[in-house]
Amino acid sequence: MTEGPGNALNVRIWRGKAEGRFETYRVPARDNQTVLDVVTEVQRRQAPDLAYRFACRVGVCGSCAMTVNGRPRWTCRTHVRRVALEGTLTVEPLRNLPRIKDLACDMAPFFDKWQRAGGRFSGTASRREPPQRVDPQSPPRLAASAAIECINCAVCHAACDVVAWNSDYLGPAALNRAWTLVNDARHGPRSDTLDRAFAEGGCTSCHSQGNCTRHCPVGLSPSESIAALKRSAFFGLPKLEAPE
Amino acid sequence: MQPLRNHESYLAFLGHRLSGLALAVFLPFHFLALGLALEGAERLDAFLVFAELPLVKVAEWGLVTLLTLHLCFGLRLLALELLVWPYRNDPRLRWIFPGTAAAIAVGVAFYAQVW
């Protein structure tokens, strides 16, 4: 898309809840604009009642994920020129989550699954004890660090077909979180977290389709975390080195 | 196909699942043929004559190809789930093309042997 007085984007945006329709808006095309910029421009200039969600605008908070031309994406870091199809953008709320209004969906089921997967950190030491020493190069810490940078955007949850087929399935993000805790020496109930991740609707429901890894905007590999959880369920918890 | 499914790993999932379903449909007929062998040569011979029909041969070719595909993609899944991943963010995509190629090679070999 090239910037110019005559160039415009056709933006189809979902309006409504589960029942609704696409409405088309014309927005000036600019050399540098993200999908979030476009949605914001529509909301500020043409449709003030358009509901959508964002916060940081720089790919940290994970609030602004939407479905753009059929794929879930973080819209603040998605440049229009990479995704527009013949000058057209189609923007919908994320798949696999209840729709609240327009582009905003209810994230409660997503975070409920984090809790179900045992994703709440529970330390074993009190604040009066010295911090636990963790070797950053130990295999469990490397495994946890490789999966820890999840921004909770729910892109993987929306991309996952198993979540679409089975609403009981915990989903890639919750299981990825569980895998980081299973490898965290400071987390007390590591075994309980693994049991929860292996329970019905847990890691064994994954079909290894790889949509989550393919779409994760920060380059994590939930597929790998889920496969590692399956291995741990068969072969036991990852071994932590003895504290010094 | 939805854009989000348009990648190798999803195609491998589809290949594995659909070939598995086809094999599940085939298995009862396979056991039927084996059962006929136990009941006497006459009935088995009649079945084998039926199995020589061209349409049945085409189905057999399809099954042999799909069986190889299912085996190769199943080995990939076992490796994914039981072995440590050699590369980050790579669900052994390098195994998909050789698995497909092996299925095609077996299909060609079967064709050459039968026709």
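Trainee: What makes the pairing in the open sheet of chain A "mixed", and in which order do the five strands stand?

Mentor: In this predicted model, the order is β2-β1-β5-β3-β4 of chain A, and the pairing is mixed. The edge strands are β2 and β4 (71–74), each of which pairs on one side only. Direction ignored, neighbouring strands are turned by 35 degrees against each other on average. The individual pairs show both senses of pairing: β1(A) and β2(A) are antiparallel, whereas β1(A) and β5(A) run parallel.

Trainee: How do you know that strands β1 and β2 of chain A pair?

Mentor: Two strands count as a pair if at least two bridges are found between them. Strand β1 (residues 8–16) and strand β2 (residues 20–28) of chain A have nine bridges, so they are a pair. A:W14 stands opposite A:F22 in β2(A).

Trainee: What makes β1(A) and β2(A) a hairpin?

Mentor: The two strands pair in the antiparallel sense, and three residues stand between them.

Trainee: How do you know that β1(A) is joined to strand β5 of chain A?

Mentor: Four bridges join β1(A) to β5 (residues 88–92). The cut-off is at least two, so these strands pair as well. One point of reference is A:R12, which stands opposite A:T90 in β5(A).

Trainee: Why do strand β3 of chain A and β5(A) count as a pair?

Mentor: Strand β3 (residues 65–68) and β5(A) have two bridges, in the antiparallel sense. Since a pair needs at least two, this one meets the cut-off. Here A:T67 stands opposite A:E92 in β5(A).

Trainee: What makes helix α1 of chain A a helix that packs on the sheet?

Mentor: Helix α1 (residues 35–45) touches β1, β2, β3 and β5 of chain A, and its direction makes about 100 degrees with that of β2(A).

Trainee: How do you know that chain B is in contact with chain A?

Mentor: Contact requires heavy atoms within 4.5 Å. By that criterion 21 residues of chain B and 27 residues of chain A qualify, so the chains are in contact. The area buried between them is about 2100 Å², and carbon and sulfur atoms give 51% of this. On the side of chain B, the residues that lose the most area to chain A are B:L4, B:E81 and B:W85, together 30% of what that side buries.

Trainee: How do you know where α1(B) and α2(B) meet?

Mentor: From α1(B), the residues B:A33, B:L36, B:A37 and B:E39 meet B:R43, B:L44 and B:F47 of α2(B). This contact has five nonpolar, no polar and two charged residues. The axes of the two helices come within 6 Å and cross at roughly 145 degrees.

Trainee: What makes up the lining of the largest pocket?

Mentor: This pocket holds about 590 Å³ of space. Its lining has 21 residues, and those nearest the centre are B:F26, B:F47, B:V56, B:E60 and B:L63. Two or more residues come from each of α1 (8–39), α2 (41–51) and α3 (54–82) of chain B. The largest share, eight residues, belongs to α1(B). By class there are 17 nonpolar, one polar and three charged residues.

Trainee: Which residues line the second largest pocket closest to its centre?

Mentor: The volume of this pocket is about 440 Å³. It is lined by 23 residues, and A:A143, A:W179, A:A228, A:R231 and B:V84 are the closest to its centre. Both α4 (139–147) and α10 (222–235) of chain A supply at least two residues of the lining. The classes are 14 nonpolar, five polar and four charged.

Trainee: Why are some spaces called cavities rather than pockets?

Mentor: A cavity is space where the probe fits but cannot get out, whereas a pocket is open. The structure holds three cavities of 30 Å³ or more.

Trainee: What makes the lining of the largest cavity nonpolar or polar?

Mentor: It divides into 12 nonpolar, two polar and no charged residues.

Terms used
Residues numbered from 1 in each chain as written. Chains lettered and ligands numbered in written order. Predicted model: local features only at pLDDT ≥ 70, side-chain atom pairs only at ≥ 80, totals over all residues. Heavy atoms only, no water. 1 Å grid on protein atoms, 1.4 Å probe; cavity = no way out; pocket = protein on both sides within 12 Å on 5 of 7 lines; lining within 4 Å. Points joined across faces, edges and corners; volume = space filled by probe spheres on them. Nonpolar A, V, L, I, M, F, W, Y, C, P; charged D, E, K, R; others polar. Axes fitted to C-alpha atoms, helices over the stretch in contact; angles between N-to-C directions. Buried area = accessible area lost by both parts, 1.4 Å probe.
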